[in-house]
Amino acid sequence: MKQADTIAAQATSPGLGGVGVIRISGPKALAIAKELLGIEPKARYAHFAAFRDAGQAAIDQGLALYFPAPNSFTGEDVLELQGHGGAVIMDCLLQRVLELGARMANPGEFSERAFLNGKIDLAQAESIADLINAASTQAAKCAMRSLQGEFSAQINVLVEQLVRLRTYVEAAIDFSTEEIGYISTEKMAQELTQLTENLVKIQANASQGALLREGISVVIVGKPNVGKSSLLNYFSGYDAAIVTDIPGTTRDVVKERLNIKGVPLHIIDTAGLRESFDLVEQKGIEKTWQEMAKADFILLITDTDAVDLHAFKDVTAKIIVVRNKIDLVGEKARHEANKLYVSVKTGAGMELLQQHLLQQVGFEAGSGANFMARRRHLTALEQAGQHLSAAKQHFETNSAFELLAEELRQMHHALGEITGEFYSDDLLGKIFSEFCIGK
């Protein structure tokens with residue numbers, strides 16, 4: 001797919017830096033290079049040159065690299081200008097490129113063109129943004145594997161199996177009145193079983209990859225002075241929240257982003273739950289309830305064994321009760337009767353708490369998640385699983401093969417949405433709008 005217009009954007013982060021990069025892609029890239037540099041650049045050769053304005057005065061000087069189509073990231077003619085990373089210099093250089101016939105790129109448009117021109121598939125395109133935004137080393141490694149095609153390769157193997165099975169089924173429909181030796185119900189049963197096993201494996205791996213990308217949202221709640229802010233500070237590794245003996249010290253939500261064993265943790269400290277006539281504290285308590293409704297899990301901190309969950313009836317399923325200050329009564333850290341016994345002050349039981357959080361979301365430390373995944377990937381895999389289950393049911397109950405064939409076709413469509421074999425413009429718009437302008 002060839003684009004009629006030429007796009008340009010700053011590929012490096014705005015602000016001050018030693019080097020700044022302007023990226024240009026499209027049919028006018030070479031003509032812009034000639035006007036800007038005063039020479040016709042060689043393909044894949046680093047030219048040191050001055051970047052000149054309309055009056056031939058130097059805007060900046062640096063390296064220019066030209067990649068002719070189709071051997072470029074986007075599959076189009078691409079020019080990269082590497083100059084000094086000052087905000088004013090970058091802006092002047094970009095304005096000159098726009099004067100020469102380019103337009104400002106939309107968010108993610110370079111990656112979108114790479115996808116549309118067949119240089120990468122949709123899962124690989126998404127992994128570019130995931131690599132940039134990775135919150136841990138493990139997440140970055142998984143995003144890189146996705147960019148290199150690990151996730152797509154596993155989906156493609158599944159699709160190949162599915163196409164083979166669809167071929168058997170369609171042949172059985174088309175030649176139902178004839179004797180075809182290679183078509184057998186036993187063979188179809190084997191293919192359905194193998195397809196199911198492989199889909200389950202990919203779903204498990206994708207779930208781990210999605211956790212590495214999205215993380216866990218945890219809200220810390222409880223009465224004043226039970227150790228909520230101390231717990232946040234323990235997880236953060238520094239004094240992110242003020243800790244005093246005065247009840248009601250925390251009046252607003254305090255948010256921190258960190259990670260546990262590679263899994264991003266979005267942890268929120270909140271105002272203590274109690275009756276209060278202080279207007280500011282009341283507002284803080286309102287926010288506490290709002291954050292609880294949005295969280296994946298709620299750590300209900302208490303310093304006594306008596307816990308009343310009646311007030312939490314709408315969010316009870318999310319609650320993990322944490323009995324703090326066991327050091328004051330000489331108890332041991334443990335997990336007992338749906339309650340974790342810890343001491344934030346001494347650190348006793350904190351490793352147990354972290355492990356429990358990961359277990360609750362199904363993350364297995366050392367599981368070897370080998371690619372990144374997104375919520376839409378999990379949804380597509382779930383839909384594929386539903387169609388496969390329906391297909392198996394039609395097969396096992398000897399329903400018309402047309403029904404089996406339709407479920408397998410729908411499964412193929414669901415898997416194709418992951419790699420972009422099947423897609424809608426709305427889907428592309430949503431995905432690439434999350435990217436940086438220069439990506």
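The legends below describe an overview and several close-up views of a predicted model.

**Figure 1. Overall content of the predicted protein model.** The protein holds 13 helices and 13 strands, and 47% of its 439 residues count as buried. When contacts between residues at least 6 apart in sequence are considered, 62% of them join residues that are at least 24 apart.

**Figure 2. Packing of helix α4 against helix α5.** Helix α4, spanning residues 122-132, and helix α5, spanning residues 137-147, have axes that come within 8 Å and cross at roughly 155°. Because this angle is over 145 degrees, α4 is described as roughly antiparallel to α5. The crossing in which α4 passes α5 is left-handed. On the α4 side the contact involves Q124, S127, I128, D130 and L131, which meet A140, A143, M144, S146 and L147 of α5.

Figure 3. Leaving aside residues up to four places away in sequence, D130 touches A143, R213, M372 and R374.

**Figure 4. Packing of helix α8 against helix α10.** Helix α8, made up of residues 228-236, packs with helix α10, made up of residues 350-360, at an angle of about 80°, and their axes lie 12 Å apart. With an angle that falls in the range of 65 to 115 degrees, α8 and α10 are therefore roughly perpendicular to each other. L231, Y234 and F235 of α8 make the contact together with M350, L353 and Q354 of α10. The contact of α8 with α10 has five nonpolar residues and one polar residue, with no charged residues.

Figure 5. A disulfide is a covalent bond between the sulfur atoms of two cysteines, and the structure holds zero disulfides. C92 has a relative accessibility of 39% and so counts as partly exposed, because this value lies between the 20% and 50% cut-offs. C142, by contrast, has a relative accessibility of 0% and therefore counts as buried.

Methods: Residues numbered from 1 in each chain as written. Predicted model: local features only at pLDDT ≥ 70, side-chain atom pairs only at ≥ 80, totals over all residues. Heavy atoms only, no water. Axes fitted to C-alpha atoms, helices over the stretch in contact; angles between N-to-C directions. Helix = DSSP H or I, 4+ residues; strand = E, 2+ residues; numbered from the N terminus. Parallel < 35°, antiparallel > 145°, perpendicular 65-115°, else oblique. Left-handed = near helix turned anticlockwise from the far one by under 90°. Contact = heavy atoms within 4.5 Å. Disulfide = S-S within 2.5 Å. Buried < 20%, exposed > 50% of the residue type's maximum accessible area, 1.4 Å probe, protein only. Nonpolar A, V, L, I, M, F, W, Y, C, P; charged D, E, K, R; others polar.
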